[in-house]
Amino acid sequence: MSTLLTLIKKYDILRGSKTDLFFFMKIFLDTAETDVISKYFSTGLVDGVTTNPTLIRKSGRNPEDVYQEIKDMGVQDISMEVVGSDLEMYDEGKRLYEKFGDVCTVKVPCTREGLSVCKALSDQGVKVNVTLIFCAAQAVLAAKAGATYVSPFVGRLDDQSVAGLEVVRSISELYRIHGMRTQVLSASIRSVQRAIRSWYNGAEICTMPPKVFDQMYDHILTDKGLEIFDNDWKQVQQ
Ligand code: G3P
């Protein structure tokens, strides 16, 4: 009987978590360059886009024009970061959600103000991505505040000689043990290896610069193998 109860509990945890909704190994592009997003989104392999103030500044464009263009491409999940006081972030988040609808994920920093905005918006069914996460404790608070996503910054942790992937693993494991629905969105990804290891360590999503996405296709042995196959095929035809 106790085995049966354990199994039922496990099943409930699985059902209550992410497995029934196919949240597996999603790829988001971390950029505000719409030309590039359009090129890679057309592959059918990209599930969403994350932006931040730095990326918007680099694009040199009005943020809402950028969001609109990404939405028009058909991207279903766009992280739009808000800044300022709690009230300013809340108002702006609400306004963005009303303007862009369900594709809008409001991105807030993991601060006291950011998490109170996260709670208020999440309670109203708005998706929130809590960014600038650097440890499991912050991820626990973000999950309790109803975050849809938490974004641990792998590369910036690595820069400080802290293993970013270990932080991803701790957060994923905590969420799994406690059946939390919040998804781990691994950010600040600067190599294919970090993306793959993020998924391996339990992240549901990796957001990556387009260059890293592009590199995911490549392997020297694929190129070499293709060269041999092409040559052999030519000989077959002769
Ligand atoms: O999504 C956050 C990410 O853009 C930060 O990346 O390379 O500036 O640390 P990076």
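Helices here are DSSP runs of H or I with at least four residues, numbered from the N terminus. Keep in mind as you go that the model is predicted.

**Stop 1: a helix to start from.** Select residues 63-73, which make up helix H4, and pick out Gln 68 within that helix. Is Gln 68 buried or partly exposed? Gln 68 has 14 other C-beta atoms within 10 Å, so it counts as partly exposed; a residue needs 20 or more to be called buried.

**Stop 2: the barrel.** Colour the strands next. Eight of them, in the order S1-S2-S3-S4-S5-S6-S7-S8, close into a barrel with parallel pairing. From one strand to the next, the twist averages 30°. Bring in helix H5 (residues 86-100), which packs on the sheet and touches strands S3 (78-81) and S4. The direction of H5 makes about 165° with that of S4.

Stop 3: Which residue of S5 stands opposite Thr 105? That is Lys 127. Along the pair you will also find Lys 107, whose bridge partner in S5 is Asn 129. As a strand, S5 is largely enclosed by the rest of the structure, because 6 of its 7 residues are buried.

**Stop 4: Asn 129.** Stay on strand S5 and centre the view on Asn 129. Asn 129 has 28 C-beta neighbours inside 10 Å and therefore counts as buried. Beyond its neighbours within four places in sequence, Asn 129 is in contact with Ser 79, Thr 105, Lys 107, Thr 148, Tyr 149, Ser 151 and Leu 185.

**Stop 5: the nonpolar core.** Now select Val 106, Cys 118, Val 130, Ala 142, Ala 147 and Val 150. In the largest nonpolar core, which has 56 residues, these six touch the most other members. Helix H9 (residues 164-178) gives this core its largest share, 5 residues. Zoom in on Val 130: leaving out residues up to four places away in sequence, its contacts include Val 108, Leu 115, Cys 118, Ala 142 and Val 150.

**Stop 6: around the ligand.** Show the ligand and select Asp 30, Thr 50, Asn 52, Ser 151, Phe 153, Gly 155, Arg 156, Ala 187, Ser 188, Arg 190 and Thr 207, the residues around it. This shell divides into 2 nonpolar, 6 polar and 3 charged residues.

**Stop 7: two backbone angles.** Most residues other than glycine have a negative phi. Keep Ser 188 selected, in the loop between strand S7 (183-186) and helix H10 (192-200): its phi is positive, near 55°. Ser 188 is buried, with 21 other C-beta atoms within 10 Å. For a second case, go to Met 25, in the loop between helix H1 (2-16) and strand S1 (26-30). Met 25 has a positive phi of about 40° although it is not a glycine, and its 15 C-beta neighbours inside 10 Å make it partly exposed.

Note on methods
Residues are numbered from 1 along each chain as its sequence is written. This is a predicted model: local features need pLDDT of at least 70, side-chain atom pairs count only at pLDDT 80 or more; totals for chains, interfaces and linings use all residues. Two strands pair if DSSP finds at least two bridges between them. Helices (H or I, at least four residues) and strands (E, at least two) are DSSP runs, numbered from the N terminus. Axes are lines fitted to C-alpha atoms, for helices over the stretch in contact, and angles run from 0 to 180 degrees between N-to-C directions. Two residues are in contact if their C-beta atoms, placed from the backbone, lie within 7 Å. A residue is near a molecule or strand if its C-beta atom, placed from the backbone, lies within 6 Å of it. Ala, Val, Leu, Ile, Met, Phe, Trp, Tyr, Cys and Pro count as nonpolar, Asp, Glu, Lys and Arg as charged, and the others, Gly among them, as polar. A nonpolar core is a set of buried Ala, Val, Leu, Ile, Met, Phe, Trp, Tyr and Cys residues joined through C-beta atoms within 7 Å. A residue is buried if 20 or more other C-beta atoms lie within 10 Å of its own, exposed if 12 or fewer, and partly exposed in between; C-beta atoms are placed from the backbone.
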